[in-house]
Amino acid sequence: MRASVRWLAELSGVDVGGAEMAERLTRAGIEVERVHVRGRLENIVIAYVRAVRPHPARQRLSVVEVYDGTSSHTVVCGAPNVPPPGGRVVLARPGARLPSGLVIEVRDIGGVRSEGMLCSESELDLGPDADGIIVIGGVGGANPGTAASDALWVETEVLELSVTPNRPDALGHVGLARELAVAFGVPFRPPRPEPPPPCEALPAEDGRHWHVRIEAPERCARYAAALVPNVRVGPSVDWLRYRLHALGMRPISNVVDATNLVLLEWGHPIHAFDADRLEGDGVVVRRARPGESLVTLDGVQRTLCDDDLVIADGARPVALAGVMGGQDSGVTASTRHVLLEVAWFDPRSIRRTARRHALHTEASHRFERGVDRTAVPVVLARALERLTAMASGRPVPSWIDAHPRPEPSRRIVLRPSRARRLLGLDLDTGGMRDRLEALGCTVQPAPVTAEEERLEVTAPGWRPDLQREVDLVEELARVEGYDRIPSSVPAVRPSALGSPPRVRVERRLLEAAAGVGLLEAIHLSFVSRRDLERCRLAVPAVELANPLGEEQSLLRPSLLPGLVGAAARAARRQVESVAFFELGRTFQPAAERSGAPVERAILALLLHGRRGAWIGPGDPVDFHDAAGRLQAIVETAVGARLELRLAEDAEHEVPFLHPRRAAGAWLDGSRVGWAGELHPDLLREWELGAAAYAELDVEELVRWAERRGTSRATIPPRTPAVRRDVALLVAESVQAGQLARALREAAGPLCESVEPFDLFRDERMGADRKSLAFRLTYRHPEQTLTDLEVDAVHARAVQAVVQAYGAVVR
Amino acid sequence: MREGDPTRLFDEGLARVEGEYEAAFAAALDEPALRAAAARYIGPNGELTQLLRQVGSLPAESRRAYGARANTLRQRVEHAFEQALAQLRERERRRALDVAPVDPTLPGRWPRPGRLHPTRRALLDVVDVFTSMGFDVADGPEVDRAEYNFDRLGFPPDHPATDMHDSFFVRGGEADRLMLRTHTSTIQVREMMRRRPPLAVVAPGVVYRRDDDATHSPMFFQIEGFLVDRDVSMADLRGVLTVFGERLFGAGTPLRLRPSYFPFVEPGAEADLGCTFCRPWEQPAGARPDCRVCKGSGWLEILGCGMIHPVVFENVGIDPETWTGFAFGMGIDRIAMLRHGIPSIRMLFDNDPRLLGSL
Ligand SMILES: [Zn+2]
């Protein structure tokens with residue numbers, strides 16, 4: 001919404017300039033985004049033409065001699081409408097800067113020295129006309145040398161407003177002027193033209209009698225119409241055209257411009273029909289019938305549905321009510337009689353229709369926010385006043401006011417004590433009354449009850465947002481100024497429940513993951529089907545009904561595509577090694593057809609390229625880099641050790657991981673995640689080098705942490721430990737964990753731990769064989785073990801794995 | 001004197017030790033070698049130790065003199081050993097100190113450390129301010145019913161108030177009008193239905209709107225906060241938000257409330273914090289007209305807030321006559337961008353390690 005500062009000052013009597021108006025309106029909740037300062041037309045003056053002759057060398061150019069009150073200038077001009085000597089024009093002298101930024105200089109044009117430029121409306125940003133220069137008609141005023149900004153009607157300041165949808169009254173200058181008057185504490189007196197007396201049918205010159213019939217009163221509470229006969233359609237006067245142009249509307253003709261002027265004044269849309277192009281003897285407000293269609297003013301043929309409200313004549317729909325008129329019934333240059341419409345349509349209905357037809361017009365914007373149905377007579381009277389002044393000159397004798405549903409009175413009880421408590425502001429009751437009355441409410445003291453003072457407030461028709469007590473409380477605060485609300489810090493009563501455990505677990509996971517050297521990534525939750533396929537994720541995914549595009553059509557069932565994409569992008573940007581983690585939700589379709597998707601918080605990490613080495617290139621990342629980090633994160637976050645086990649059927653369960661180099665991450669008998677190297681096919685698809693990935697189901701971890709509660713301390717023993725090492729030559733397929741478990745079991749309770757400490761492969765040992773060395777720690781809780789005791793137990797343990805796994809002691 | 005005369009052998013022994021030990025100690029290059037050399041003379045099985053043990057078997061008349069000689073020699077050997085040891089240690093100490101200086105510009109030997117995402121850090125910082133004031137943290141589903149996103153919050157049906165909330169809907173979820181939440185206010189509704197007042201909760205999370213241009217991302221972070229208790233007033237709202245602004249951006253950061261409209265609060269307000277870049281409240285001249293962050297206004301729009309609308313209380317079964325409360329919601333991404341000078345929200349979701357690692 002744009003507003004003219006000049007117009008607002010006229011209506012409100014507050015003439016403080018755009019900046020101050022903007023500040024006060026913004027403070028009152030009507031946000032002014034910008035103040036456009038226009039029409040600084042320095043060095044642009046009125047001049048009169050002394051002589052005109054054709055350009056000696058160039059066709060279609062003329063050489064014009066103009067006088068600006070002090071001296072003569074020769075100007076080369078290409079406009080077709082240079083007036084004869086004596087005509088007045090607008091001269092931009094050398095040095096002048098046009099609104100477009102163009103600076104006028106003395107130039108040589110085809111051998112003629114041109115000392116300036118004769119300006120068009122468009123060049124001065126006054127109006128849209130670029131076809132010819134401004135020629136000032138009439139007598140008097142504007143002597144040569146007068147500054148153009150004084151001689152021409154210029155909207156020097158325009159406010160660019162961002163009006164919240166609860167304030168339809170602020171979509172017109174009258175409403176804005178009222179806010180200004182209230183803000184500055186001056187009485188507000190808007191124009192209140194009286195309509196002519198109403199009648200049942202409008203007599204037309206051709207003998208017809210026009211009726212209005214509302215067949216859908218639930219959609220149209222009021223419909224006023226008047227017939228303006230014998231209009232002379234033509235261009236509007238300059239000030240009106242310039243004003244509309246400055247406020248972002250295209251001047252069209254005096255009839256249409258007059259209705260738009262009243263729209264901008266009152267915020268109430270008005271439609272003008274060409275009465276001769278309507279069939280029958282009246283208009284009907286009704287819902288469209290199936291199969292009906294209408295060509296709207298924008299030339300688009302629209303198929304209508306039962307939910308669309310239309311204005312129809314005797315034969316067909318002639319307007320999409322409250323949204324856009326029809327092409328066949330609009331005002332044209334040859335229109336003689338105009339039927340004016342001022343109405344109130346149901347906001348929801350207008351909004352649905354506008355959205356269905358993807359139309360957003362000045363009219364629909366206001367109707368869907370709610371116009372003032374009590375203002376219909378005034379708006380109609382104002383429109384008639386303007387129209388007769390600008391296009392007809394004859395007063396209109398009567399109008400039709402079809403008003404099946406008057407607005408129910410909104411009487412609201414306001415308890416001043418409640419307002420004071422809610423705002424923390426000490427306002428006296430008399431002051432409240434004055435403020436509400438200034439806003440247009442009527443206020444009466446309610447019958448006194450035993451304990452509490454009450455005011456009975458009736459809200460004005462232009463404020464549909466005032467519905468209950470709390471709305472009035474906001475008005476009081478708004479008028480008083482939110483700045484006056486004091487500051488107090490409340491005592492927050494802490495809850496026994498506190499934050500849920502997952503909040504703490506997630507926080508610790510985040511910190512732990514950053515602690516093991518991972519950069520946190522945050523991706524959009526959207527993913528494409530194709531990227532899922534490229535990640536070998538053949539899983540069902542939640543589909544969006546209205547995605548922004550194919551690339552973002554699904555909700556991610558896994559964090560993998562985001563992280564792989566980030567690694568691939570980084571590699572293209574020459575960052576060949578990265579270590580990312582992400583903690584976010586994944587989405588799976590509901591088990592039942594219509595239920596909500598299952599959301600799971602997942603922590604995933606992706607390592608690409610080489611492991612960080614101290615100086616020099618590290619080795620390519622592998623399974624153990626991902627697994628180790630996952631274990632470290634979980635241990636830091638919740639004090640649990642994840643166990644990694646080869647998947648039974650990795651190919652099937654985790655198709656995005658290398659089938660031989662992936663493992664499940666287990667915690668107390670439940671699988672809570674995966675770790676592994678990414679599948680070679682996936683790496684090739686994304687053009688990645690070595691990459692390892694791990695993921696953890698945070699929900700499972702939270703459940704585990706809740707179940708576990710607080711962990712118990714292990715008291716360190718006082719007796720000394722005895723250590724024994726053993727190196728075993730085994731087949732590749734034998735896992736360290738298997739050997740360790742077997743050693744531990746065979747060694748019995750004296751064995752405290754078995755840790756692998758060396759892994760070694762050598763051709764001489766034969767292919768498919770490896771040497772694994774373990775350190776076993778023996779301890780008795782109460783007494784010191786002797787070497788002899790330990791040797792016996794250790795020998796038994798070694799013997800057991802030699803037998804069980806065909807190991808050779810090295 | 002005859003062969004095997006004990007005194008002669010004793011003499012020879014003493015002479016040998018006396019003649020050798022200094023050279024032997026001098027030849028030892030390190031402490032173990034020196035100790036081994038010393039042990040040859042004065043260790044438990046050392047030559048001199050054995051001689052001393054034999055003093056008792058010498059003829060009585062020479063016993064005393066030999067004993068004295070052997071003891072004197074032992075003292076000299078011990079002294080020489082200590083001196084040699086001290087010299088050796090001094091030499092080693094000098095060697096330990098006299099090395100090339102380190103190059104401290106080489107990277108430390110530790111995996112390159114990780115970092116939290118700038119948005120995450122902003123989010124955690126904001127959460128911390130409110131938890132320190134006694135607020136709990138809550139969360140809720142990202143895919144939710146329109147009932148929680150709009151209806152129970154008092155959004156009128158077919159109303160332009162939803163224009164700011166252009167929503168994504170889930171295919172197949174039409175019956176429940178399943179959508180991606182457009183704000184974290186869904187959690188306000190859910191928490192008020194789950195728990196009874198008094199309530200003080202903040203709820204961070206991602207939200208989704210169908211906007212995608214240079215200044216909008218279809219997903220972004222928000223944090224919702226609300227306090228419900230007896231007699232909560234708008235003054236309390238101003239107080240809590242003032243503390244928030246000062247904790248996050250420094251003491252003295254001013255707060256401004258402007259009337260605004262959100263269907264679920266009344267009175268509703270937009271809260272601006274003093275521009276944290278040109279800090280007009282610290283400058284005699286006020287806001288810098290050329291400040292690119294606040295564009296000369298001196299204020300930054302940070303959050304929307306207000307008193308919880310009675311209709312919301314009614315929709316969740318809380319009596320609005322007994323309980324009042326305030327609510328606020330703010331974008332987190334913007335705070336991260338302001339803090340770090342990140343020009344575009346889209347950079348926050350691009351996850352370029354060069355940007356993430358620089359913050
Ligand atoms: Zn600034």
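Predicted model: local features only at pLDDT ≥ 70, side-chain atom pairs only at ≥ 80, totals over all residues.
Local features here need pLDDT of at least 70 and side-chain atom pairs count only at pLDDT 80 or more, while totals for chains, interfaces and linings use all residues. Residues are numbered from 1 along each chain as written, chains are lettered from A in the order in which they are written, and side-chain values use heavy atoms, with hydrogens and water left out.

**Empty spaces**

Rolling a probe the size of a water molecule over the atoms shows where empty space is left. On a 1 Å grid over the protein atoms alone, a cavity is a set of points where a 1.4 Å probe fits but cannot get out; a pocket is an open set with protein on both sides within 12 Å along at least five of seven lines; and lining residues have an atom within 4 Å of a point. Points are joined across faces, edges and corners, and a volume is the space filled by probe spheres set on them.

There are 2 cavities of 30 Å³ or more. Here is how the linings divide by class (nonpolar: Ala, Val, Leu, Ile, Met, Phe, Trp, Tyr, Cys, Pro; charged: Asp, Glu, Lys, Arg; polar: the others, Gly among them).

| Space | Volume | Lining residues by class |
|---|---|---|
| Largest cavity | about 70 Å³ | 4 nonpolar, 4 polar, 5 charged |
| Second largest cavity | about 60 Å³ | 5 nonpolar, 1 polar, 4 charged |
| Second largest pocket | about 2,000 Å³ | 20 nonpolar, 8 polar, 16 charged |

The largest cavity has 13 lining residues, and A:G29, A:N166, A:R167, A:E474 and A:R478 lie nearest its centre. Helix α12 (residues 469–480) of chain A gives the most to this lining, with 3 residues. Helices (H or I, at least four residues) and strands (E, at least two) are DSSP runs, numbered from the N terminus. Around the second largest cavity you'll find, among others, A:W210, A:L227 and A:H337.

The second largest pocket has 44 lining residues, with A:H624, A:L644, A:Q735, A:A736 and A:G737 nearest its centre. Strand β34(A) gives the largest share of that lining, 7 residues.

Most residues other than glycine have a negative phi, and most peptide bonds are trans. A cis bond joins B:P197 and B:P198, with omega about 0°; B:P198 sits in the loop between α7 (185–194) and β4 (199–208) of chain B. Another cis bond joins B:E266 and B:P267, with omega about -10°, and B:P267 is in strand β7 (residues 265–274) of chain B.

As for positive phi, A:N230 has a value near 55° and B:R177 one near 45°.
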